[in-house]
Structures are given as C-alpha cells and as structure tokens.
Amino acid sequence: MNSKKEYIINVRTSALVSKFDHYGNERTLVFEGALTFLVDLPPDKIVEKSYQYIGRSLKGAISGARHILRKSYKVPIAYSIKHDIILIHCYRPKNVGKVWLVNSHIHQLVENDNKQCTVITKFGHRIPTCMKVSKLQDKRNQATFLHKELLYRSNIDPLKDFDVDKNHEQNE
C-alpha cells in the first residue's frame with residue numbers, strides 16, 4: 001500500500017488509526033469516505049498539523065473543550081463546528097497506538113467484551129478500540145453537547161440546512 005507524506009483532516013475523514021511498521025515506526029491508517037490509506041505520520045501529528053493548517057491551536061481546542069464540558073481529562077475537541085467535525089480520542093486494543101474518531105461519522109458501536117468495542121463508521125469501516133461502549137457513548141454525548149454549545153456561542157443557526165457532501169463536491 002502506497003502512503004502519503006502529509007494529510008489534513010477534512011469533511012470526509014472518519015478516523016485516524018495508529019499503524020506500526022515492522023521497525024516500530026508509527027504511521028496512520030486514514031479512513032476517508034470509502035477509502036483507506038496510509039500516511040507517514042502518527043495520528044497525533046496529523047491532528048496537530050491539521051489545527052495549524054486552519055490557523056488554530058490544538059492546545060486551545062483542548063482548553064476550550066475542557067472549559068465548556070467542565071472536564072479536565074480526555075475531552076472531545078472541536079475541529080470544525082460548521083462541518084460537525086468533533087474529534088474523540090481513544091486507544092487501540094491492548095493500548096498499542098491511538099485512534100481519533102470523528103463523532104458525526106460514527107454509525108454504530110459494537111461491544112466486543114467488557115473493555116473493548118468496535119466502531120462502525122457511516123462508510124462501513126470497522127475500527128476496534130480499547131474502550132467500553134458505555135464510555136465511548138459518554139464521549140459521543142460530550143462531543144454532541146460541545147458541538148451544540150459551540151454552535152450556540154458562535155451564533156450559528158443549527159437548523160439551517162448545510163449539506164456537507166454537496167458543498168464538498170462543488171469545491172472539487
């Protein structure tokens with residue numbers, strides 16, 4: 001599988017998942033729409049560079065989410081409220097690597113055992129995580145609250161129809 005050198009999160013990004021090569025180097029398996037491909041950067045670096053690309057700070061997004069959610073640890077973070085891209089951080093099974101999920105692209109959570117679940121994206125990808133369904137559902141609820149609160153605080157009308165796929169196609 002060929003890999004890309006860089007990647008920026010966009011409206012079709014569903015997940016960023018750690019993948020290690022045989023030398024132990026961390027890369028990222030990107031789930032974008034129906035596609036899956038490798039990027040030669042760790043997931044955290046892609047998230048950080050994506051925030052820089054849009055002129056924002058990852059630290060600022062974390063700080064703001066912590067303030068709004070009144071939580072101090074592992075909160076979902078807003079990347080784009082206009083496009084409903086709220087990122088949820090979790091770990092892969094056996095805590096080997098990381099997973100960043102886009103809340104609005106999660107279709108279903110399937111319980112594997114008492115400490116793990118599989119996320120099924122709207123595009124049918126199955127992504128195993130090291131998190132209980134109840135804990136991940138709590139993170140999803142926080143992400144939804146964060147999105148709605150940021151829409152309200154930004155004076156954006158959440159009732160206006162914004163078709164992400166239609167606008168994405170027009171920009172291509």
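I'm working from a predicted model throughout.

**Entry 1: asparagine 103**

Asparagine 103 comes out at 7%, so it goes down as buried. I then looked for what its side chain meets, and found a polar contact with the side chain of threonine 144 at 3.4 Å. Leaving aside neighbours within four places in sequence, I listed the contacts of asparagine 103 as Ile86, Ile88, Arg140, Ala143 and Thr144. Arg140, Ala143 and Thr144 in that list took me on to helix α3, which spans residues 133-153.

**Entry 2: helix α3 and its sheet**

What does α3 lie across? I found it over β8, β9 and β10, running at about 155 degrees to β8. Those three strands make an open sheet in the order β8-β9-β10, with antiparallel pairing. The edges are β8 and β10 (126-129), each pairing on one side only. From one strand to the next, the twist averages 25 degrees. I also checked the pairing of β9 (residues 116-121) with β10: it is antiparallel and has four bridges. One pair I noted there is valine 119 with isoleucine 127 of β10 as its bridge partner.

Strand β3 (residues 26-32) pairs with β4 in the antiparallel sense, over five bridges. Glutamate 32 has leucine 35 in β4 as its bridge partner. These two strands form a hairpin with two residues between them, and glycine 33 there has a positive phi near 60 degrees.

Which way does β1 run against β4? Parallel: β1 (residues 3-4) is joined to β4 (residues 35-39) by two bridges. I found serine 3 opposite leucine 38 of β4.

**Entry 3: helix α1**

I picked out the buried residues of α1 (residues 43-53): Pro43, Ile46, Val47, Ser50 and Tyr51. Why do they line one face of the helix? Looking down the axis of α1, I see them fall within an arc of 135 degrees, so they line one face. Glycine 55 follows the helix, and its phi is positive, near 75 degrees.

**Entry 4: the nonpolar core**

Nonpolar side chains tend to be buried together in soluble globular proteins. I looked up the largest nonpolar core here and it holds 46 residues. Ile77, Leu87 and Leu101 have the most contacts inside that core, and I followed up isoleucine 77. Setting aside neighbours within four places in sequence, isoleucine 77 touches Tyr51, Leu58, Ala61, Ile62, Ala65, Ile85, Ile86, Leu87, Trp100 and Leu146. Tyr51 is one of the buried residues of α1, and Ile86 turned up among the contacts of asparagine 103 too.

**Entry 5: the whole chain**

Last, I stepped back to the chain as a whole. It has four helices and 10 strands. Along the sequence, I read the pattern as β-β-β-β-α-α-β-β-β-β-β-β-α-α. Of the 172 residues in the chain, 42% are buried. For contacts with a separation of 6 or more, I noted that 49% come from residues 24 or more positions apart.

How values were computed
Residues are numbered from 1 along each chain as its sequence is written. This is a predicted model: local features need pLDDT of at least 70, side-chain atom pairs count only at pLDDT 80 or more; totals for chains, interfaces and linings use all residues. Side-chain values use heavy atoms; hydrogens and water are left out. Buried means under 20% relative accessible area, exposed over 50%, partly exposed in between (1.4 Å probe, protein chains only). The arc is that of the directions from the helix axis to the C-beta atoms. Two strands pair if DSSP finds at least two bridges between them. A nonpolar core is a set of buried Ala, Val, Leu, Ile, Met, Phe, Trp, Tyr and Cys residues joined through side-chain atoms within 4.5 Å. Contact means heavy atoms within 4.5 Å. A polar contact is a pair of N or O atoms within 3.5 Å; within protein, one must be able to donate a hydrogen and the other to accept it, and residues adjacent in sequence count only if both atoms are side-chain atoms. Axes are lines fitted to C-alpha atoms, for helices over the stretch in contact, and angles run from 0 to 180 degrees between N-to-C directions.
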